Amino acid sequence: MKINCLLALALSASSLAAQDAVIRVDAGKVENKITPYLYGACMEDVNHEIYGGLYDQKIFGESFEEPVSMDNFIGFTRCEGVWKLQDGQLSVQAHPGAKLVYDDTQLSDGTVGVDLKFTDGTSSSNNAGLLLRVGEYGGGADNFDGYEVSLFADGKRLLLGKHLHNWQELKTTPVDVDPTQWNRMEVKLDGDELVILLNDCEVLRFEDRDTGLRNGKVAFRNWGADVSYRSLTIGSNTPVKLLTKVTPQVSGMWDAFADLTAAAVYKQIADKPFHGRYAQEIEYLAGTGKVGIANRSLNRWGISVRQGEKKTGSLYLKGKAEVRVALQSVDGEKEYAVQCIRANAGDWKKYTFELTPDKTDENARLAIYLEEKGRIQVDMVTLMNGADRQFCGLPLRNDIGQAMVDQGLRFLRYGGTMVNAPEYRFKKMIGDRAERPPYKGHWYTYSTNGFGIEDFLHFCEKAGFMPAYAVNVEESAQDMADMIEYLNGSVDTKWGKKRAENGHPEPYGLKYLEIGNEEVIWGDIEADYQHYIDRFNDIYEAVHAKDPEVQFIHSAWWRPESPNMEKVFKALDGKAAYWDYHPWTDDLGSHVNIDRELTDMKAKFLKWNPKTSMRCAIFEENGNLHNVQRAIVHATVQNVVRRHGDFILTTCAANALQPYLQNDNGWDQGQIFFTPGQVWGMPTFYAQQMSSAHHHPLRLWSETVGELDMTATTNEARDEVILHVVNTSSEVRETQVSLSGFIPKGNMEIYTLSGELNDENLPDTPTRILPKATWKQAPGSDFTYSFPGYSYTIVVLKK
């Protein structure tokens, strides 16, 4: 035995001397089955994946809930946020990344200072401060270039970061100030060096040698905090005066316009609106020409209109006037289509319209205006594509929906922090969209219920995805019982009948339901875990009594070393089929830790109950990348899941979607990117597409020697073997491949996705990173192949 072991070691050493790596596969030995739902994605309304994205509603701010247009600051550009000036103090309401950019000065070197203080009670995780050397800016949290210097709202930390249309933390340092009092922040810039002072004391010094940020503007910036500023100085303590001019009182996502010879008054009306809390009033007082309001869709990025392609819409009006609805150029100088509506109602009435533009414009707007004296109130405006640009007859963008299908997704999870918002409730998401109330969302305060849980299920039904969704853990047991009857009950039941009346006679047949999202992520607190157990059990009992076929996923945050894990497990074992696990997947070695944690999780489950059927669902692979590096990591995570067999239901890469340059909420990890008129895949999209297109249900025994991550799979007929090989190093790996029990014939198919780690696809180069396919004559059971650096390669071998 010792001689054989020594011989094996000698042979391995000999192979590595000639090759960088060795792959061995035994095609006669099946290790485990592989979940058919390996190819999943997570979607929620973060960064406008839905509202402004998949949901075809072109109007952002459809029911005028956003506060009236903020003070118009002379010499400044507002990029989101509610900014107000009073008694020389500038204040801004909490917002995920609002900016107010000073346009009148370009700064390279010098000193910038400001006083700031936070409203008492602001969360300690939020911050606010200054942006420096700002360029290429617009709406969206990371939509700019520049340095960020921010104080956290607890007064305990100060951070320095860099944005190049993304986010990079440079340094965070501890401080100790009272955040509810005025604190003076100063930043001295000198070439590559930044020196930061807080109340005249130096707290941070940093030299950034890797920078192209040499010159730019100064801006105020807010991340989730209610904060006030005063005494902005630039250069040699030169004060910057904040001056405002009167602006029309129009809801924040809309713009007022009037011809020079026309006089008008605009009001946001709280008295008996049709929808939500507010409506918009337009009154034409005198003169000639047009007065009205215009909407340019998500963050004013424009509406895509194509010559001859119809758009349909509706709006609710109250009053008597001739109202015109038009598609126009961004400045209103060109009108592509217009329809006149004669409103004559003392109460709210719905009017529909169709607009077929005579020109193509990727940055158009929808205008609603009057051409003569009168007063009209407007609410709940909808504009959508015609049926030929919608997905399977649903009010969804066809190009985005089809891209998700083309990606090869088999499983789609609808959930995330959005479900933790207190107003996120199922019963508010069904029925006529115009009657569904808006709600205060986690990611966007003025969220719409135009796309809800039922709409998600309808989309998955048409797309062929297995759906799972999460509900708010504070939903009542009765409402959840009604929900499952609505979704899965027959038309003979009370709520099944309502579903049929709402246009879907057949039950949805929901199979997977998650209770909550990342519950108790905020700390290892036994009382909070117990509260989650209590809420889970209430909902479980109510739903299970209505439909015992539904499988439950619980979302208690996994802390492997906490004694609360055993407590949760024993309370929910036999009820929850899966424990939701959210790993971090940015780092090239992430899969090693994920494999270790999954192995540990399974061992703990079996220790706590050897007969347990509880398993794991990876409902979010999280990170802040969408480049080649993230694609490679995703491929390694899929290899991990293949090895763990039926212990894992699915692995869902987050996020499914992301609007280009509108990343308002962080989480810069979209797989499919889009603009108003374009959709394209990131490298992660193609990694998923490759693996899904080459799914086999059985994992074979295999081993690798050297720096490669690999799994081998086969089909039920055993006439094909597929190798999933990931090279996480920068070096080409020449590899000896040896198959036993399988002699490939014909052509060997090879599909490779590779590039530099930071490579990504952009609107002007949307196919820069694509899989490359090659075919070679199968060389038999033993052959050599060189796997490129930073690559995911699929090798298909056939008998």
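These are my notebook entries on a predicted model of one protein chain.

**Ground rules**

I number residues from 1 along each chain as its sequence is written. Because this is a predicted model, I take local features at pLDDT of at least 70, side-chain atom pairs only at pLDDT 80 or more, and totals for chains, interfaces and linings over all residues, while side-chain values use heavy atoms, without hydrogens and water.

**Whole chain**

I began with the domains, whose bounds come from an automatic or database domain assignment. Domain 1 covers 21–34 + 696–798, and domain 2 covers 42–56 + 410–450 + 460–624 + 643–652. Domain 3 runs over 72–245 and domain 4 over 254–388. I looked up the centres of domain 1 and domain 3 over C-alpha atoms and found them 49 Å apart.

Next I counted 10 helices and 46 strands in the chain. Both are DSSP runs numbered from the N terminus: helices are H or I with at least four residues, strands are E with at least two. The radius of gyration is 29 Å, close to the 28 Å of the globule rule for 799 residues, so the chain is as compact as a globular protein of that length. That radius is taken over C-alpha atoms, and the rule is 2.2 Å times the number of residues to the power 0.38. Along the principal axes, the C-alpha atoms fill a box of roughly 100 × 75 × 55 Å.

I then checked burial. Of the 799 residues, 59% are buried. Here buried means under 20% relative accessible area, exposed over 50%, and partly exposed in between, with a 1.4 Å probe and protein chains only.

I looked at contacts too, meaning heavy atoms within 4.5 Å. Among those between residues at least 6 apart in sequence, 72% join residues at least 24 apart.

**Ile515**

I found Ile515 in strand S31, residues 512–519. Its relative accessible area is 0%, so Ile515 is buried. Leaving aside neighbours within four places in sequence, Ile515 contacts Val471, Val473, Tyr532, Phe536, Ile539, Phe552, Ile553 and Ser555. I also checked Ala556, which is 41 residues from Ile515 along the chain; their C-alpha atoms are separated by 9.2 Å.

**His48**

His48 sits in the loop between strand S2 (40–43) and strand S3 (72–73). I read 4% relative accessibility for His48, so this residue counts as buried.

I looked for positive phi outside glycine. Asp87 has phi near 55° and lies in the loop between strand S5 (83–86) and strand S6 (89–92). Asp87 is exposed, at 75% relative accessible area. Ser297 has a positive phi of about 70°, in the loop between strand S23 (291–295) and strand S24 (303–305). Ser297 is buried, at 7%.

I also noted a cis peptide bond between Ala654 and Asn655, with omega about -5°. Asn655 is in the loop between strand S35 (648–653) and strand S36 (657–659).

**Thr765**

Last, I placed Thr765 in the loop between strand S43 (745–754) and strand S44 (772–777). Thr765 has 32% relative accessibility, so it counts as partly exposed. From Leu510, Thr765 is 255 residues away in sequence and 40 Å away in space, C-alpha to C-alpha.
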